[in-house]
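Biologist: I am new to this structure and would like to go through it step by step. Could you show it to me?

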Amino acid sequence: MLINLSDIFEEEGRSVSREVPLELEEIDFQGERFPIVEKTPVALTLVNDGSGRARIEAVSDVSLGMKCDRCLKDVTKRLSLHASVEAVSPDKADAQEAEDQSGFMEGYQLNVDSLIGSELFTCWPAKVLCREDCKGLCRVCGKDLNEGECGCDTFVPDPRMAAIMDIFRENKEV
Ligand SMILES: [Zn+2]
Ligand SMILES: [Zn+2]
């Protein structure tokens with residue numbers, strides 16, 4: 001959603017708080033697509049910060065559909081986002097300022113979805129687990145070990161040891 005900031009840039013002391021919908025429905029991260037399964041409206045605070053300048057605060061809770069790093073089960077990860085940036089009116093911004101705000105400003109308009117999107121990247125979870133002690137999948141048969149042991153032998157012995165283990169196993173079967 002685009003919000004025109006002209007009046008915020010112009011009117012000294014002006015401050016506006018409003019809620020706007022988050023239109024973003026999915027996000028690309030490192031070549032993967034993640035759906036946004038739940039989101040709150042974006043609480044926007046726009047404050048004139050001197051001639052031609054605006055301080056922008058945007059707060060939203062976003063839940064992403066992700067997969068557990070260990071067992072690949074669907075996990076909903078809720079992130080509390082709080083973006084805080086400054087924008088300069090395009091007619092007053094120098095080259096550096098224009099570059100800095102190019103990710104969320106389109107002329108005089110704030111792109112709320114771009115701002116929240118880049119905040120999502122900053123808060124991206126380093127690790128996603130369905131639960132802290134997720135046991136993951138068996139490397140041999142792929143069974144979800146949270147649902148019980150599969151009985152696979154995941155121990156890979158030294159070949160010389162393997163021969164001895166075979167003898168041991170044969171003896172056991174008798
Ligand atoms: Zn898991
Ligand atoms: Zn297994």
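Biologist: Which strands each supply at least two residues of the lining of the largest pocket?

Modeller: This is a predicted model. The largest pocket holds about 270 Å³ of space, and 13 residues line it. The closest to its centre are Glu32, Phe34, Met66, Lys67 and Asp69. The strands that each give at least two residues to the lining are β4 (32-39) and β6.

Biologist: How many residues of each class are in the lining of the largest pocket?

Modeller: The classes are nonpolar, polar and charged. Glu32, Lys67 and Asp69 are among the residues closest to the centre, and residues of these kinds count as charged. For the whole lining, the numbers are seven nonpolar, two polar and four charged.

Biologist: How many bridges join β4 to β6?

Modeller: The two strands run antiparallel. Within β6, Leu64 is the residue opposite Ile36. The number of bridges joining β4 to β6 is three.

Biologist: Which residue in the turn of the β5 and β6 hairpin has a positive phi?

Modeller: Strand β5 (residues 42-48) pairs with β6 in the antiparallel sense over six bridges, and Thr45 stands opposite Glu57. Four residues lie between the two strands of this hairpin. The phi in the turn is about 105°, and the residue is Gly50.

Biologist: Over how many bridges do β6 and β7 pair?

Modeller: These strands also form a hairpin, with six residues between them, where Leu72 takes a positive phi near 70°. Ala58 stands opposite Ala83 in β7. The pairing is antiparallel, and the number of bridges is 15.

Biologist: Why is the arrangement around the zinc ion (ligand 1) given the name it has?

Modeller: The ion is coordinated at 2.3 Å by the SG atoms of Cys68, Cys71, Cys130 and Cys134. Four donors need all angles between 85 and 135 degrees to meet the criterion. The angles here are 107 to 115°, so the arrangement is tetrahedral.

Biologist: Are Cys71 and Cys134 buried or exposed?

Modeller: Cys71 lies in the loop between β6 (53-67) and β7 (74-88), and Cys134 in the loop between α3 (112-122) and α4 (159-173), 63 residues apart. The cut-off for buried is under 20% relative accessible area. Cys71 has 8% and Cys134 has 5%, so Cys71 is buried and Cys134 is also buried.

Biologist: Which strands stand at the edges of the open sheet of three strands?

Modeller: The order in this sheet is β1-β9-β8, with antiparallel pairing. β1 pairs with β9 (residues 109-111) over three bridges, and Asn4 stands opposite Gln109. Each edge strand has a single partner, so one side of each is left without a neighbour in the sheet; these strands are β1 (2-4) and β8 (105-106).

Note on methods. Residues are numbered from 1 along each chain as its sequence is written. Chains are lettered from A and ligands numbered from 1 in the order in which they are written. This is a predicted model: local features need pLDDT of at least 70, side-chain atom pairs count only at pLDDT 80 or more; totals for chains, interfaces and linings use all residues. Side-chain values use heavy atoms; hydrogens and water are left out. Donors are N, O and S atoms within 2.8 Å of the metal (3.2 Å for Na, K and Ca); water is not among the atoms, so sites may look incomplete. Four donors count as tetrahedral if all angles lie between 85 and 135 degrees; four count as square planar and six as octahedral if opposite donors are over 155 degrees apart and all others between 65 and 115; anything else is irregular. Buried means under 20% relative accessible area, exposed over 50%, partly exposed in between (1.4 Å probe, protein chains only). On a 1 Å grid over the protein atoms alone, a cavity is a set of points where a 1.4 Å probe fits but cannot get out, and a pocket is an open set with protein on both sides within 12 Å along at least five of seven lines; lining residues have an atom within 4 Å of a point. Grid points are joined across faces, edges and corners, and a volume is the space filled by probe spheres set on the points. Two strands pair if DSSP finds at least two bridges between them.
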